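Student: I would like to go through the labels given to this model and ask what each one rests on.
Tutor: Then let us look at it and take them one by one.

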Amino acid sequence: MAGKVILITGGARSGKSEVAEELAASFSDAVIYLATAGVYDEEMKDRVQKHRERRPAGWVTVEETHRLARALRAVPHGSCVLVDCLTLWITNLLLDNSPSEEYIIEETVRVIETARDRDLILILVSNQVGCGVVPDNRLGRLFRDVAGRVNRQVADLADRVYLVTAGIPVELKTLAAKIGREEI
């Protein structure tokens with residue numbers, strides 16, 4: 001299944017990373033784990049450590065907080081790459097560079113195009129952030145809006161899309177294709 005893009009989304013602590021890891025392991029023993037988290041405090045350090053301990057020893061971890069397309073160009077052609085996660089990547093971009101929403105969407109498309117050009121199996125993990133309360137500040141609302149639009153863009157371009165709730169993945173892209181988007 002080379003050259004495929006798969007989006008796995010869900011709420012915080014829904015089990016989406018574990019589902020993504022299991023899926024990646026089903027494709028390859030030599031997965032490249034592209035981590036987008038910056039480690040700025042002890043709590044995040046503990047989270048990252050737990051993720052590392054869960055991964056198989058043969059996986060290679062690449063840390064890249066901003067330039068995902070560039071990182072993908074550096075991996076071997078035909079690799080299986082798991083990006084965890086897009087919402088942390090968006091946070092990093094918004095907090096460090098203050099780019100426009102258009103720039104982030106363009107970068108998202110470049111990530112997908114790079115994966116296709118390099119014949120990668122690309123598994124992208126992203127949070128569903130728009131299902132809760134409206135954030136009380138401009139940056140929070142901007143983040144929610146950009147994350148929602150990035151998820152929509154990736155879902156539109158992806159070959160498969162899963163929503164994970166309570167650890168259970170449900171394939172959405174197939175469902176949408178069977179029913180027809182007009183009816184959803």
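Predicted model: local features only at pLDDT ≥ 70, side-chain atom pairs only at ≥ 80, totals over all residues.

Student: Why is Ala 166 called exposed?
Tutor: Exposed requires over 50% relative accessible area. Ala 166 has 69% relative accessibility, so the label applies. Ala 166 sits in the loop between strand S6 (160-165) and strand S7 (168-171), and its phi is near 50°, a positive value in a residue other than glycine.

Student: Why does Asp 119 count as partly exposed?
Tutor: Buried means under 20% and exposed over 50%, with partly exposed in between. Asp 119 has 29% relative accessibility and therefore counts as partly exposed. Asp 119 belongs to the loop between helix H5 (101-117) and strand S5 (121-127). Its phi is also positive, near 55°, in a residue other than glycine.

Student: What makes the peptide bond from Asp 84 to Cys 85 stand out?
Tutor: That bond is cis, with omega near 5°. Cys 85 lies in the loop between strand S4 (80-84) and helix H4 (86-96).

Student: How do you know that the radius of gyration agrees with a compact globule?
Tutor: For 184 residues the globule rule gives a value near 16 Å, and the protein has 16 Å, so the two agree. Along the principal axes, the C-alpha atoms fill a box of roughly 45 × 45 × 30 Å.

Student: How much of the protein counts as buried?
Tutor: Of its 184 residues, 44% do, the cut-off being under 20% relative accessible area.

Key:
Residues numbered from 1 in each chain as written. Heavy atoms only, no water. Helix = DSSP H or I, 4+ residues; strand = E, 2+ residues; numbered from the N terminus. Buried < 20%, exposed > 50% of the residue type's maximum accessible area, 1.4 Å probe, protein only. Rg over C-alpha atoms; globule rule 2.2 N^0.38 Å.
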